[in-house]
Amino acid sequence: SSSQDFEVDTYLAMGWFDRRLAHNCSYPILVTSKVISDRIWQPDLYFVNSKFAYLQEVTTPNMMVIVYPDGLVFKSMRIDVTLSCSMELKRFPMDTQRCPVTVQSYAYVEELVNLTWFKKVDDFPLGVNSDIRLNDMVITKKEYEKCAGPYPMFRGTARWSCIRAYIVMRRLVLFHFIQTYIPTGMLVVISWMSFWLDPRASPARISLTITSLLTLTTISNGARQDLPQVSYIKALDIWLTFSQGLIFLVLLEYSFVSFYMTKRSFDCIHRRAYQHRSLRRSQSWNSKSDDDRPEQTVPQNIEEIPFRQQKRPSSEYDEMLQPPAIHLNGVKHRTPTAPTSNGHTPYSLSQGLSKCANNAAVLLRSTGLEPEFVRRRNSWFDREEETAALMSATPHAAAHIYNKFDFSKPCQKCSLHNERIAKRIDHYSRMIFPTVFILFCSIYWAYYICTEDTHGET
């Protein structure tokens, strides 16, 4: 197909009347010698659209000449000829080709040699050997016609008689369906498996998509290497281009997913709202004078709070683990601790924060400073966020509070929101890509199966 020609191994049979060769024998004379047959006049026929032709000469020249008593000369020879065929490949590989075979006299004008088809026998004018089959084509129809055309010369023009036959061949699509359509469709489906992989698995998803794209490119190059370089789009090009486009969109889809998974927001709406709220509270607090603030009276009967009132433990480490004793209104308060099996009190960050908050709450309630502390604390940060950070022992909550007030870290809320967007993109892609491919396959095959190829029609 790349050279747009076809090879024909054919028996060319022709007959003409030459009254000079009439004889009185009751049977025809057979001439098998090429030397004698060359001395007999015969039409100088040639194939107009031939690229290469030769006479079969194994083991002897494959030709014969029969001279009948009335002067009829019948000549048959076996030739192998390569003919050009301008193929229309818009529907390839579901196309039908109509290739011509044109025979014409080279020197004799129409008035001297008038060519016509012989139709009185079943195998004439065109016959096909049913035992010989083509690999990827099947002959569906044979057509023939008489033609004539002008031939320009130095002085004037003349008309030459010619005959033309058409061999209509339909391409067998099963080979291309197995070798091209099924593998490319499987590669497109395999590329969708990346939608079910973890968005953070970048090596796996990128490797799967790139491998599918490169494999599909190799298959499409192999399918096109035997085709001529034409300026129009073929049916196979539409399929391969759409498949490559789908796999490319899978790779592009992961680019968006990776963008949202790795997106970090430092100046987001959450922090701007927090800064605005903090600024308003700070301005409200600074606008009040010290005289307008309520004075807090500390009861005089509060004793000094000694750091340690009990017997020192055996080691400094045990001493650090003991809770401090608090004397309020003559009453001694101590946070209870549970000793371990070896007599030492265990230490943990959550217990330390809890004890610190409890002791601070007891002190503030007893001294009457709790309202003032609450008001000042609200000017620093939100009460809910602080309580969650102090009382929670989970690392996620601590990281959330830390990232909120540490402006050198990305916003945790925005990161979670971006991750949900990335997963939502994968979720929609699982439905959109298969739907688009199934819709394309339905339209593609319905069009090329239900419509007829007009190029192969007369």
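Analyst: Cys147 is joined to Cys162 by a disulfide, with an S to S distance of 1.9 Å. A disulfide here is a pair of cysteine sulfur atoms within 2.5 Å. Cys147 belongs to strand 8 (residues 137-152) and Cys162 to strand 9 (residues 157-171), so the bond ties together parts 15 residues apart in sequence. Strands are DSSP runs of E with at least two residues, and helices are runs of H or I with at least four, numbered from the N terminus.

This is a predicted model, in which local features need pLDDT of at least 70 and side-chain atom pairs count only at pLDDT 80 or more, while totals for chains, interfaces and linings use all residues. Residues are numbered from 1 along each chain as its sequence is written, and side-chain values use heavy atoms, with hydrogens and water left out.

Cys147 has 11% relative accessibility and counts as buried; Cys162 is buried too, at 4%. Buried means under 20% relative accessible area, exposed over 50%, and partly exposed in between, using a 1.4 Å probe and protein chains only.

The search of the whole structure finds 2 disulfides. Besides the pair above, Cys85 and Cys99 are bonded, their sulfur atoms 2.2 Å apart. Cys85 lies in the loop between strand 6 (72-84) and strand 7 (96-105), and Cys99 in strand 7, 14 residues apart. The torsion about their S-S bond is about -80°, so this disulfide is left-handed. Both Cys85 and Cys99 are buried.

With the bonded cysteines numbered in sequence order, the pairing is 1-2, 3-4.
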